[in-house]
Amino acid sequence: MTRYEWACDKRITLAAIVFEVLMVISCILLADAINAEVLKNETMLASHVSVVTAGVTVLILQYLIAGTELIARYRDNTGKFTLPLVFLPGGIIIRSVTMIGLCSVVVAIKLIVYFISILITFLLQILRVERLLNTSVMVDYPDASMEPLEKFVNDVYNVLYYHKIRENSSVFTSVFNGCLSLWCINH
């Protein structure tokens with residue numbers, strides 16, 4: 001089996017799905033165990049899980065996801081530099097939080113602009129003056145002005161992740177492909 005065939009195997013996609021679901025559950029249990037043991041708050045989930053057990057589980061799953069990501073990256077032929085952040089303890093969580101923060105800012109701005117432009121277009125149609133004004137400019141200009149910021153987010157994504165995306169993609173590509181399993185299904 002070649003690297004490409006092994007990377008495109010459905011077992012890699014299934015492994016990514018299973019590992020990421022287990023990672024989310026383990027991170028919730030880790031946060032709950034920290035809440036119970038360190039902050040001394042009552043919890044329902046982590047009553048039988050210690051911080052050490054949850055932390056070791058998160059670390060093991062992190063390295064399993066990183067290994068799966070290293071295999072799956074051969075689906076696309078994009079061998080660019082990747083910051084090996086996932087090999088640090090908790091690196092996959094830092095990487096995810098960084099991308100969620102960057103993407104949420106851009107997505108929030110884009111959605112606000114889209115909703116305002118739809119509202120303005122709707123009001124102009126009610127007033128029957130939409131023919132006098134070019135309402136498509138209200139969406140196209142902000143969208144075109146956001147392209148450098150979207151390219152920056154995609155460049156940051158490609159530096160942090162072993163599975164790459166196109167730099168000229170929409171920011172929604174970074175949001176969607178943040179999960180290895182969704183990237184595997186898409187490729």
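Helices are DSSP runs of H or I with at least four residues, strands are runs of E with at least two, and both are numbered from the N terminus.

Now the ground rules. This is a predicted model, where local features need pLDDT of at least 70 and side-chain atom pairs count only at pLDDT 80 or more, while totals for chains, interfaces and linings use all residues. Residues are numbered from 1 along each chain as its sequence is written, and side-chain values use heavy atoms, with hydrogens and water left out.

Which helices each supply at least two residues of the patch? They are α2, residues 10–37, and α8, residues 180–186. Helix α2 gives the most, with six residues.

Val18 sits in helix α2. Its relative accessible area is 39%, so Val18 is partly exposed. The scale is this: buried is under 20%, exposed is over 50%, and partly exposed is in between, with a 1.4 Å probe and protein chains only.

Next, the largest pocket. Rolling a probe the size of a water molecule over the atoms shows where empty space is left. The search uses a 1 Å grid over the protein atoms alone: a pocket is an open set of points with protein on both sides within 12 Å along at least five of seven lines, and a lining residue has an atom within 4 Å of a point. Points are joined across faces, edges and corners, and the volume is the space filled by probe spheres set on them.

The largest pocket comes out at about 510 Å³. Its lining has 22 residues. Nearest the centre are Ile92, Ser96, Ile100, Gly178 and Cys179. Helices α2, α3 (51–72), α4 (91–127) and α7 (171–176) each supply at least two lining residues. Helix α4 gives the most, with nine. By class, the lining has 14 nonpolar, five polar and three charged residues. Here Ala, Val, Leu, Ile, Met, Phe, Trp, Tyr, Cys and Pro count as nonpolar, Asp, Glu, Lys and Arg as charged, and the others, Gly among them, as polar.

On to charges. Side chains of opposite charge can pair when their charged atoms come close. A salt bridge needs a side-chain nitrogen of Lys or Arg within 4 Å of a carboxyl oxygen of Asp or Glu. How many does the whole structure hold? Four.

Here is one: Lys110 with Glu150, closest N and O atoms 2.5 Å apart. This pair links distant parts of the chain, with Lys110 in helix α4 and Glu150 in helix α6 (residues 147–160), 40 residues apart. Both are buried.

Another joins Arg11 to Asp9, also at 2.5 Å between the closest N and O atoms. Arg11 is exposed because its relative accessibility is 53%. Asp9 has 15%, so Asp9 counts as buried.

Lys151 and Asp155 make a further bridge, at 3.3 Å from N to O. Both lie in helix α6, four residues apart, about one turn of the helix.

Last stop: Val86, in the loop between α3 and α4. Buried or exposed? Buried, because its relative accessible area is 0%.

Methods. 1 Å grid on protein atoms, 1.4 Å probe; cavity = no way out; pocket = protein on both sides within 12 Å on 5 of 7 lines; lining within 4 Å.
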